[in-house]
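Student: Could you take me through this structure one feature at a time, and tell me how each kind of feature is read before we look at the case itself?

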Amino acid sequence: MKDLAKALPWIGPAVALIAAVVLFPVGLMFWNSTRDISQSGVDDGGVGLANFATVIGFQYFWPILGRTVVWVVVVVGCTLIGSLALAALLNKAFPGRRLVRMAVIVPWASSVVMTTLVVHYGLEPYFGIINSFLVDVGLISTPEGYGWTRHPGTAFAWAMAVAVFVSLPFTTYTILAGLQTVPGETVEAARIDGASGPRTYFSVVLPQLRGAISVAVLINIINVFNSLPILRVMTGSIPGYDADTVMTMIFKYMQNQRQIDLASALSVIAFLVVIVIVAVYVRVVRPLEEV
Amino acid sequence: MTAITDSGTTPRKATRPPSDSRQRVRKYTSDQVPLGSLLLRLLAGLVVLVVFLLPYLIMFFGSVKTKAEIRSVDPTYFPTEWHWDNYVTMWSTPETPLAQNLISTLVISLCATLLVLAVALPASYYTARFRFPGRLFFLFLVIVTQMVQPAVLTSGLFRQFIALGILDTWAAMILVNAAFNLSFAVWIMHSFFAGIPKEVDEAAQLDGAGTFAVLTKINLPLVWPGIVTAVVFTFVASWNEFAASLVLLTTAGNQPLSVALTKFVGQYETSWHYVFGVSVVAIVPVVILFMIIEKRLVGGLVAGSVK
């Protein structure tokens, strides 16, 4: 106890900040999810689990949930494959490698909103530069494009592409860090045994990357699941609920409909999903083992 | 940790004879590279370079076009006339008070960074140096905080800040950004403090230095790279924050650039050249900052789990 009292001045402020801005809102969110809160913010009493029933009973709930799964699986899957290739390249020596590594960082540092805005502009009918390029190389026949940003399906697909693009840097750098720990001896031994390049990669290097890959994938799953800005920009102006994920739906409840009780209920569901992923992370990665 | 910080070896070193006596993990590259595969790598590197820079090049070229040119039906890849004056006129566009948005972004990010530093520095030092009951629980809490993001808690934060009377204030977003970036700062600085041999501290203590003096005079110079990394990361993350700002800041002038720029989408005639001008101004500084801490980014994010 005396030790704890001595530690308090050092870690107290950090604990207080986490308690006030992370833990307390979690509690408040759970509480609000069981209340009836008017659009002007007045608490009209407890309603048990009625808000959850309303959220799950919403006719688009299951499609939205399904789309969220597609969103996470496709984005994280494509990011992983792309990052494995990118990291393999960046781990090899070639002139200008440092420059390429720096370029890969750019989407990571940049505002996701701003990166998405460029793509949104590029897909505008007639004057969008991506449409124009696709016409110039002969992939599409009219600069009208396909009204990519007007239809939920195509806008969602482009949003996934943007999500992969902005997720690549972190995943690539994590796998690259993992590659640095692969001992050169194991690779050389495989070569001497006559294994081809791809064979060496898949049966010697890849298994040793398991740790780095699981870290990258789990953190990525959380980031992609929680992602709002890309869909907000790409599909936010499309009426209806045909391009929504759980996260964009929470913000629609909060902002468009001003139903903070329903938003809280859906947030609680999303929060529980996040906690499950965190639990998997702590079990698989064991981040506290050597501290 | 060492493996991560060792990542930036230049290709020149790879061609040195293997008799290089320094002890370090040998990299997964062969020393003799045939010219053909070297050219192939160069080509692949060039493709990667172009793909990753392309959106930002489009942004830059768009930012100096006239409104007529950027909205013309047959779009140009490069500007026909370079209108640098866009960078002056864009601040007084009617959609949103961009100058105020820039100030908000700056104030929120700077204050959040200072707050994180003030809170995380002592915590990371103490947890790296001393054992105490609840230490592991504290570090566990920090990891969980890193994985829970503000987006999923916004509905709670919204009600909480109304009750506290700080909804739609800079203070609200300073607190949110500080709290959610605390974990990165604690982890990265923790790993640096943990890397300093305890004997260094003990020697100083024998000379009569107190805990605080040991921290400021002996440790700080050694953990400087960790502090820089924590500061830069927090600043950049706060600079780009979107989800919480969208809900917690309701007055146009209080909002950061990330939120302000979304207002241009769906306008009858979007001033894309201004959107891109502001984006360039907002992106260039943080990209440079990120390049400074490039080699240490992963260490703070994965909490030392890639060894």
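Tutor: Let us begin with a loop: A:Arg258 lies in the loop between H12 and helix H13 (260–285) of chain A, where helices (H or I, at least four residues) and strands (E, at least two) are DSSP runs, numbered from the N terminus. This is a predicted model, in which local features need pLDDT of at least 70 and side-chain atom pairs count only at pLDDT 80 or more, while totals for chains, interfaces and linings use all residues. Residues are numbered from 1 along each chain as its sequence is written, and chains are lettered from A and ligands numbered from 1 in the order in which they are written.

Student: Why is A:Met247 buried, and which residues does A:Met247 touch?

Tutor: A:Met247 belongs to helix H12 (residues 246–256) of chain A, and it counts as buried because 26 other C-beta atoms lie within 10 Å. For touching, the rule is that two residues are in contact if their C-beta atoms, placed from the backbone, lie within 7 Å. Leaving out residues up to four places away in sequence, A:Met247 touches A:Asn226, A:Ser227, A:Leu228, A:Ala270 and B:Ala151. A:Met247 and A:Thr68 are 179 residues apart in sequence, yet their C-alpha atoms are 8.5 Å apart in space.

Student: How many helices and strands does each chain have?

Tutor: Chain A has 13 helices and two strands, whereas chain B has 15 helices and zero strands. Buried residues make up 48% of the 291 residues in chain A and 46% of the 307 residues in chain B. Among contacts with a separation of 6 or more, residues 24 or more positions apart account for 68% in chain A and for 77% in chain B.

Student: How do the strands of chain A pair?

Tutor: Two strands pair if DSSP finds at least two bridges between them. Here two bridges join strand E1 (residues 35–37) to strand E2 (residues 43–46) of chain A, and the strands run antiparallel, with A:Arg35 standing opposite A:Gly46 in E2(A). E1(A) and E2(A) form a hairpin with five residues between them, and in the turn A:Gly41 has a positive phi of about 100 degrees.

Student: How many residues of chain A and chain B are in contact?

Tutor: In this complex, 96 residues of chain A are in contact with 98 residues of chain B. Helix H1 (residues 2–32) of chain A gives the most to the side of chain A that touches chain B, with 18 residues. That side of chain A divides into 71 nonpolar, 21 polar and four charged residues, where Ala, Val, Leu, Ile, Met, Phe, Trp, Tyr, Cys and Pro count as nonpolar, Asp, Glu, Lys and Arg as charged, and the others, Gly among them, as polar.

Student: Where does the pLDDT of chain B stay under 50?

Tutor: pLDDT is the predictor's confidence in each residue, from 0 to 100, and where pLDDT is low, the predicted coordinates should not be read in detail. In chain B, pLDDT stays under 50 over residues 1–30, although the mean pLDDT of the chain is 85 and 88% of its residues reach 70 or more. For the complex, the predictor gives an ipTM of 0.91 and a pTM of 0.89.

Key: A residue is buried if 20 or more other C-beta atoms lie within 10 Å of its own, exposed if 12 or fewer, and partly exposed in between; C-beta atoms are placed from the backbone.
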